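Thanks for asking me to look this one over. Here are my notes, point by point, to read with the model open beside you.

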Amino acid sequence: MSDFDDGFAAFFEKVKQNPQYDSEKIKKAYDIAKDAHKDQKRRSGEPYIMHPVAVAQILFDFGMDNECIIAALLHDVVEDTKVSIDTIKETFGDEVALLVDGVTKLGKIPLSTREEVQAENIRKMFIAMNKDVRVIIIKLADRLHNMRTLQYMPDYKQREKSLETLEIYAPIAHRLGIRAFKDELEDLAVRYLDPIAYEEIENNLSMKKEEGERFLNDIKAQIQERITPLIKNATITSRVKSVHGIFRKVYIKGKSFEEIYDIYAVRIIVDTMIDCYNALGIVHDMFKPIPGRFKDYISTPKPNMYQSLHTTVLSKDGIPFEIQIRTWEMHRTAEYGIAAHWKYKLGKGGKDDMDEKLSWIHRMIETGESTDTAEDLVASIKGDLSVEEVYVFTPKGDIKSLPTGSTVIDFAYAIHSAVGNKMIGAKVDGRIVPLDYKIKTGERIEILTTNQQGKGPSRDWLSIVKTGEARSKIRSWFKKEKREENIEEGKASVKRELRRNFIGLSGAKYDEFIKRISEKQHFAQVDEFYAAVGYGGIQINRLMPGIKDEYNKNWKEKEAEKPHSSNVLDRPRKSSSSNGVIVEGIDNCLIKMARCCNPLPGEEIVGFITRGHGLSIHRRNCVNVPQDLEHCAEPERWLKAHWDDSVKIETQSTLDVYAIDRDGIVLDITSTLMNMHVKIHSINARPINDGNCLTTLTVAVSSKEHLDNIVRIIRKIDGVYHIERTNV
């Protein structure tokens with residue numbers, strides 16, 4: 001195996017030809033890595049050293065610096081071998097040691113494990129990036145090579161790694177502006193997540209390849225002929241849209257292959273910004289521009305520093321294609337993003353400029369520090385890393401970019417936390433909109449504020465906002481300004497959730513139980529625990545599995561020592577099943593669902609003995625069910641009940657759908673439900689105030705999960721901003 005070609009010889013020849021690299025140190029790093037990994041193999045059966053060499057090659061091609069190449073060769077030795085970080089520091093210096101240590105820490109815990117671990121690793125990732133962004137560039141190259149060789153992994157690992165790549169690594173590559181990393185990572189992820197769709201797109205592209213190349217060559221020749229006499233040094237190239245880009249539009253946005261206007265793109269690269277706009281005038285004179293398809297990313301750069309003019313035009317044969325126009329400096333940034341800082345020595349010595357470009361990393365760390373739960377942190381970061389952004393204007397004409405799906409509240413907090421905290425409303429293009437209005441590119445947004453004492457954000461905003469930045473600022477306000485209110489709110493929430501789960505403790509035992517729960521959540525004082533629940537930092541319902549486990553193990557037996565009350569809920573009874581419901585203590589009884597709450601399979605339920613009408617089944621949190629069943633007026637009439645999982649039933653649920661009143665909104669709702677094969681029992685739509693409408697519909701559902709899925713899909717319909725379940 002010693003004669004096996006690991007790729008280093010050819011790579012090293014290129015290194016020696018470039019004077020910016022210390023070839024002696026790079027060879028020394030390779031020798032250490034090869035010796036350290038000598039007994040290790042990859043899943044493919046190849047020597048492990050092939051992986052670090054391949055990662056170093058990827059980074060070399062991107063023009064990364066000497067330290068980065070050395071760190072890439074050594075990035076696995078500390079984690080997988082006996083070589084220590086101190087040895088690396090002594091041999092190659094502090095800078096290389098920092099990079100290797102950063103990459104090692106990122107690799108110790110896989111992102112795809114449970115959410116608490118995932119959140120902790122994401123925190124580590126952003127802290128490492130904050131110290132030196134090259135850490136994540138090495139990690140991206142490492143992930144890229146692993147994705148290129150993913151075929152040797154088991155199927156479940158292929159899907160797991162691909163999903164993680166799409167949700168975390170590709171968006172980070174996008175935010176760093178490294179287009180080549182982003183495109184290839186996304187394409188490889190789609191290949192494993194949806195191989196059928198991937199093959200279909202590849203087949204479509206290959207069938208059109210010859211035709212597409214002929215079309216693009218003809219267009220380039222036409223533009224070159226017109227542009228050369230007028231603009232010096234113009235270079236014209238072309239590209240075909242990535243598989244993932246087509247996948248998003250065809251399989252996620254529902255467009256046909258023919259509706260994608262930017263499958264083919266021509267790129268014009270010129271010397272100056274003025275040349276960009278002159279070139280735009282020339283191509284608009286040559287080809288008919290498609291309305292609404294022009295974007296000026298030169299005057300409004302994307303958050304990842306990307307700049308270009310984009311316009312979509314029609315050829316003389318009526319074929320749509322995109323034209324991108326940029327300078328050479330813009331082109332380097334578009335292709336290499338932050339990596340261009342090393343490849344072309346842009347901004348050398350300009351630390352402030354670099355810090356400004358990476359300011360979003362600092363914001364991510366701030367969001368992580370003010371987020372109390374792992375689930376919230378993961379959701380916030382995935383949301384804030386969204387590849388798609390909207391660009392909107394302040395009243396003064398300044399531009400703000402936010403993730404797609406952001407609301408006017410997110411916009412307010414993006415301006416300043418004080419603006420968000422004092423917000424009472426918003427105007428979009430001069431028209432007042434609801435607070436959960438989702439902003440769109442090009443809109444002019446004005447935030448209405450008040451200086452009224454004691455005015456602040458609402459707790460409801462936490463479920464409305466999209467960005468982690470807004471969510472953390474809202475929580476910070478509640479944490480700071482409303483401590484007493486938070487404690488009371490938290491007490492009420494905890495008691496309500498415990499009652500809902502039939503955890504019946506009182507007096508000193510209740511206080512002792514809550515103290516135990518708060519200690520498990522690492523709170524020194526019970527009031528701190530209550531306050532965290534009150535301001536939304538902790539979701540008590542998410543803690544319930546652990547709380548119930550604690551109660552059943554250590555507290556339930558103690559409670560059993562008390563004399564049994566007359567409450568039917570406490571009496572051991574045999575069970576009987578009827579209509580998909582099991583009721584303890586009742587045989588052959590007429591069972592019906594309470595109309596006041598229409599309980600669904602999957603929801604917690606209780607039974608109530610009616611006079612002359614059998615047993616009525618209610619949701620446990622129904623307004624007509626006493627919170628304290630043990631001390632209510634007629635405790636003997638309430639019975640334990642739960643759903644019989646072996647029986648499939650269908651019930652009805654009514655939803656109020658609030659939306660912007662536009663043509664076709666009701667048709668879109670009904671079409672969506674038909675596509676989901678959801679039976680509609682009734683539907684009624686009527687206009688309400690301020691250009692909005694209310695659609696009330698009753699549908700057949702099989703479980704709470706089924707209803708939640710219906711609500712989630714309807715919420716995606718353009719114009720829908722709020723949905724309520726009315727029979728509660």
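How many bridges join β9 to strand β10? Let me start there, with the reminder that this is a predicted model.

1. The count is 3 bridges between β9 and strand β10 (residues 431-433), and the two strands run antiparallel. The hairpin they form has 2 residues between the strands, and within this hairpin Asp-429 takes a positive phi near 50 degrees.

2. Lys-427 is a handy residue for tracing both pairings: Ile-432 stands opposite Lys-427 in β10, while the bridge partner of Lys-427 in β11 is Glu-446. As a reminder for reading such strands, side chains in a regular strand alternate between the two faces of the sheet.

3. Next, the aromatic rings. Searching the whole structure gives 13 aromatic pairs. One of them is Phe-215 with Phe-321: the ring centres are 5.6 Å apart and the planes meet at 75 degrees, which is over the 60 degree cut-off, so the pair is edge-to-face. This pair links distant parts of the chain, since Phe-215 belongs to helix α13 (residues 209-227) and Phe-321 to strand β6 (residues 320-327), 106 residues apart.

4. On helix packing, helix α1 (residues 8-16) packs with helix α2 (residues 23-36) at an angle of about 160 degrees, and their axes are 10 Å apart. Angles over 145 degrees count as roughly antiparallel, so that is the description for α1 and α2. Their crossing is right-handed.

5. At 0% relative accessibility, Thr-312 counts as buried. Its side chain makes a polar contact with the side chain of Arg-293, at 3.3 Å.

Notes. Residues numbered from 1 in each chain as written. Predicted model: local features only at pLDDT ≥ 70, side-chain atom pairs only at ≥ 80, totals over all residues. Heavy atoms only, no water. Phe/Tyr/Trp six-rings, centres within 6.5 Å; stacked < 30°, edge-to-face > 60°. Helix = DSSP H or I, 4+ residues; strand = E, 2+ residues; numbered from the N terminus. Buried < 20%, exposed > 50% of the residue type's maximum accessible area, 1.4 Å probe, protein only. Polar contact = N/O pair within 3.5 Å; in protein donor to acceptor, adjacent residues only side chain to side chain. Pairing = 2+ DSSP bridges. Axes fitted to C-alpha atoms, helices over the stretch in contact; angles between N-to-C directions. Parallel < 35°, antiparallel > 145°, perpendicular 65-115°, else oblique. Left-handed = near helix turned anticlockwise from the far one by under 90°.
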